Amino acid sequence: RDGYKPTYTAAALIDAEFPDPVWAVPTLIPVGLTFLAGRPKAGKSWLGADIAIAVGSGGRVLDIQCERQPVLYLALEDSPRRMKERSKLLSMSRDTLVTWQFEWAPLADGGLAALVGAIAEGYKVVIVDTLSRALGRSDQNDGGEMNVVLGNLQQAALQNDCAFILI
């Protein structure tokens, strides 16, 4: 069958050894694609900012110690003024390795390529707040379209040892 390449037999899979997973937040957020979902006003953006600041500073989030790594935070529903206030409340210091972006091209219109370029520059965590805004005109109810967009994000994340957190 064209395109079909079995990877493992049952015995080969059982005997296989794999490297330990790479974590952005140990035991909580692995490299790859993670969704942070919940009801409106449940605190998802607050948690996303807390994760960004903890990772960018080598601090703690949910009582988990994080390794200091560069973070890109796409705050597509917030203003710089609002994020400044939240960042102060979350005790962000001046040397925290977080880059805040408040505008980004839609993923289907160059935004995905820009994200891939950003992670190539060294970002190890990318937080997209919110996926709805990042999709632009893309139809979230179109399974095929979403599969392509999310598949490309996951592939870029895995290839670059980066964690994408989609709110």
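**Burial, cores and surface of the predicted chain**

Gln69 is buried, with a relative accessible area of 13%. Buried here means under 20% relative accessible area, exposed over 50%, and partly exposed in between (1.4 Å probe, protein chains only). The structure is a predicted model, in which local features need pLDDT of at least 70 and side-chain atom pairs count only at pLDDT 80 or more, while totals for chains, interfaces and linings use all residues. Residues are numbered from 1 along each chain as its sequence is written, and side-chain values use heavy atoms, without hydrogens and water.

Gln69 sits in the loop between strand 5 (64–65) and strand 6. Helices (H or I, at least four residues) and strands (E, at least two) are DSSP runs, numbered from the N terminus. Residues up to four places away in sequence aside, Gln69 touches Trp23, Ala24, Val55, Gly56, Leu97 and Lys124. Contact means heavy atoms within 4.5 Å.

The chain holds six helices and nine strands. Its C-alpha atoms fill a box of roughly 55 × 40 × 30 Å along the principal axes. Of its 167 residues, 38% count as buried. Among contacts with a separation of 6 or more, 71% join residues 24 or more positions apart.

The largest nonpolar core has 24 residues. Such a core is a set of buried Ala, Val, Leu, Ile, Met, Phe, Trp, Tyr and Cys residues joined through side-chain atoms within 4.5 Å. Val25, Ile51, Tyr73, Val125 and Ile127 touch the most other members. At least two residues each come from strand 1 (23–25), helix 2 (44–57), strand 6 (71–75), strand 7 (98–101), strand 8 (125–129) and strand 9 (163–166). Helix 2 gives the most, with six residues. Beyond its neighbours within four places in sequence, Ile51 is in contact with Val25, Ile29, Val61, Ile127 and Ile165. Another core, of 23 residues, lies apart from this one; Leu107, Ala118, Val126 and Phe164 are among its members.

Helix 2 is mostly covered, with 10 of its 14 residues buried. Among the buried residues are Lys44, Ser45, Gly48 and Ile51. Just after helix 2, Gly58 takes a positive phi of about 75°.

Tyr8 lies in the segment before helix 1 (10–15). Tyr8 is partly exposed, with a relative accessible area of 43%.
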